[in-house]
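I opened my notebook to look up a few things in this structure. My notes follow in the order in which I made them.

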Amino acid sequence: MTGGSVAVLSGAPPPLQPLTPNICSCNIGRVFLHHSHFSNPSIPPLKRSIFDTLKLGTPSSYSSVNPYFRLKRRPRIRTNSALDSDIPNPLHQEHNDQEEISKKNLQQWDSLTAKFAGAANVPFLLLQLPQIVLNARNLLAGNNAALFAVPWLGMFTGLLGNLSLLSYFAKKRETEVVVVQTLGVVTTFAVITQLAMAGSMPLPQFAATSIVVACGLLVNFLYFFKLLNQRIWHFWEDFITVAGLSALPQVMWSTFVPYVPNSILPGIVSFLIAVVAVVMARIGKLPEKATKFVGSVSGWTATLLFMWMPVAQMWTNFLNPDNIRGLSSISMLLAMMGNGLLIPRALFVKDLMWFTGSCWASFFYGWGNLICMYLCESISKEFFLAATVGLFLWTGFALWSDTKAYGHESPFTSLKVLFFD
């Protein structure tokens, strides 16, 4: 860990250098030198102190410190008078103490959030196993109709979302989350395979999905270990951008069939728009802001695809409440826990897309489906209340800890920085 440098300036402070993701700019405020009955003109008053280069060490290669970190404003410090100038100035020691406390708090929270993200691998590893076991039992018993309780469109959107987010986090070198997304892709594809065996998912769609999943896992694996040509990676990024923008409107439309006409028009229109946008961005025909927007679309499209998964599931629950017993309450609980463990890390690194997706999956997919199961008397009251209390207490703990680590006045400040800065 590299400590920051403290400079006491006698004139106007120089302009701050541009921030990098691992550098924090901290404004400590003004500290005035108090004189009693004596004054010494040879000692100039203390001016503003600025921590220019506070660089925090990170516990692993994927962690980063957010540039929005601000230290708490310290209370006024009474320094020595002119007669006591031969005594070591306690102001410098106070600065060092405050700096060490701030670095320690932030580093501890950084380490904890990294551990939470790593721990999310456990519930995500077990996430689909109860559903896979339940589907296997129904398949062996010849009860294929029970598998229709799990909509293949919902699983498909979740699979595409996990695959796109895998590329997003592979590019950011978030190692633990790359493992999480890889497990999500593999286990979700296993469920989709069972749905295809039961006839719930059409075979042509299953074949196309299988090819995309195989190629996606291979490309991301090679890129993460720096074995992939950059041109191939750029082509893959363009592909997932076009695929995501094409699939999202089509999946959203198809969810409400037969209440809306069965049509592929939304997918065709969005596909053409996506192709034109990507091509123009690559040849430099778009403004700079538009090019950056197109570059970020794949991540947000992945998040929206992932967020649509609980909507499709709840719509199926609404249309066929009797089939809700085909859902596994343990799977819903594990989904809530796994995404909940990612909330603190997303909040710490101030990744709005990550935070939005994790919160949505925790509250709407995990907890939302538990509400449906509780209303249909598929789970006990005690089970539902325990899951509810645990989720809200955990979310409160994440907000409180992030507020304390960054030195904010309230949790709303952390959310304000996340959404608006």
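**Two helices side by side**

I began with helix 10 and helix 12, whose axes come within 9 Å and cross at roughly 10°. For the record, helices are DSSP runs of H or I with at least four residues, strands are runs of E with at least two, and both are numbered from the N terminus. The axes are lines fitted to C-alpha atoms, for helices over the stretch in contact, and angles run from 0 to 180 degrees between N-to-C directions. That crossing makes helix 10 roughly parallel to helix 12. I noted the scheme: under 35 degrees counts as roughly parallel, over 145 as roughly antiparallel, 65 to 115 as roughly perpendicular, and the rest as oblique.

Which residues meet there? On the helix 10 side I found, among them, Leu-333, Met-336, Gly-340 and Phe-348, and on the helix 12 side, among them, Phe-383, Trp-394, Asp-402 and Tyr-406. Contact here means heavy atoms within 4.5 Å. Sorted by class, this contact has 13 nonpolar, two polar and one charged residues. The classes go like this: Ala, Val, Leu, Ile, Met, Phe, Trp, Tyr, Cys and Pro are nonpolar, Asp, Glu, Lys and Arg are charged, and the others, Gly among them, are polar.

**A word on the model**

I have to keep in mind that this is a predicted model, where local features need pLDDT of at least 70 and side-chain atom pairs count only at pLDDT 80 or more, while totals for chains, interfaces and linings use all residues. Residues are numbered from 1 along each chain as its sequence is written, and side-chain values use heavy atoms, with hydrogens and water left out.

**Salt bridges**

Next I asked how many salt bridges the structure holds. I got six. The rule is a side-chain nitrogen of Lys or Arg within 4 Å of a carboxyl oxygen of Asp or Glu. Side chains of opposite charge can pair when their charged atoms come close.

I looked at Asp-402 again, and its side chain meets that of Lys-350 in a salt bridge (3.2 Å, N to O). Asp-402 lies in helix 12 and Lys-350 in the loop between helix 10 and helix 11, so the pair ties together parts that are 52 residues apart in sequence. Is Asp-402 buried or exposed? Asp-402 is buried, at 0% relative accessibility. Lys-350 is buried as well, at 11%. (Buried means under 20% relative accessible area, exposed over 50%, and partly exposed in between, with a 1.4 Å probe and protein chains only.)

Asp-351 forms a salt bridge with Lys-172, and their closest N and O atoms are 2.6 Å apart. This pair links distant parts of the chain, 179 residues apart, with Asp-351 in the loop between helix 10 and helix 11 and Lys-172 in helix 4. I put Asp-351 down as buried at 6%, and Lys-172 as partly exposed at 35%.

Glu-288 and Lys-292 make a salt bridge too, at 3.5 Å from N to O. They sit four residues apart in helix 9, so about one helical turn separates them. Both Glu-288 and Lys-292 are exposed.

**Positive phi**

Most residues other than glycine have a negative phi. I wrote down Lys-350 here, with a positive phi near 60°. Lys-226 also has a positive phi, of about 60°. Lys-226 is in the loop between helix 6 and helix 7, and it is exposed at 69%.

**Cysteines**

How many disulfides did I get? The count is zero, where a disulfide is a pair of cysteine sulfur atoms within 2.5 Å. I checked Cys-372: the closest cysteine sulfur, in Cys-376, is 6.8 Å from its own, which is too far for a bond. I also noted Cys-215 as partly exposed at 41%.

**Gln-131**

Gln-131 lies in helix 3 and is buried at 4%. Leaving aside neighbours within four places in sequence, I found Gln-131 in contact with residues including Val-150, Gln-194 and Ser-331.

**Whole chain**

Of its 421 residues, 46% count as buried. For contacts between residues at least 6 apart in sequence, 78% join residues at least 24 apart.
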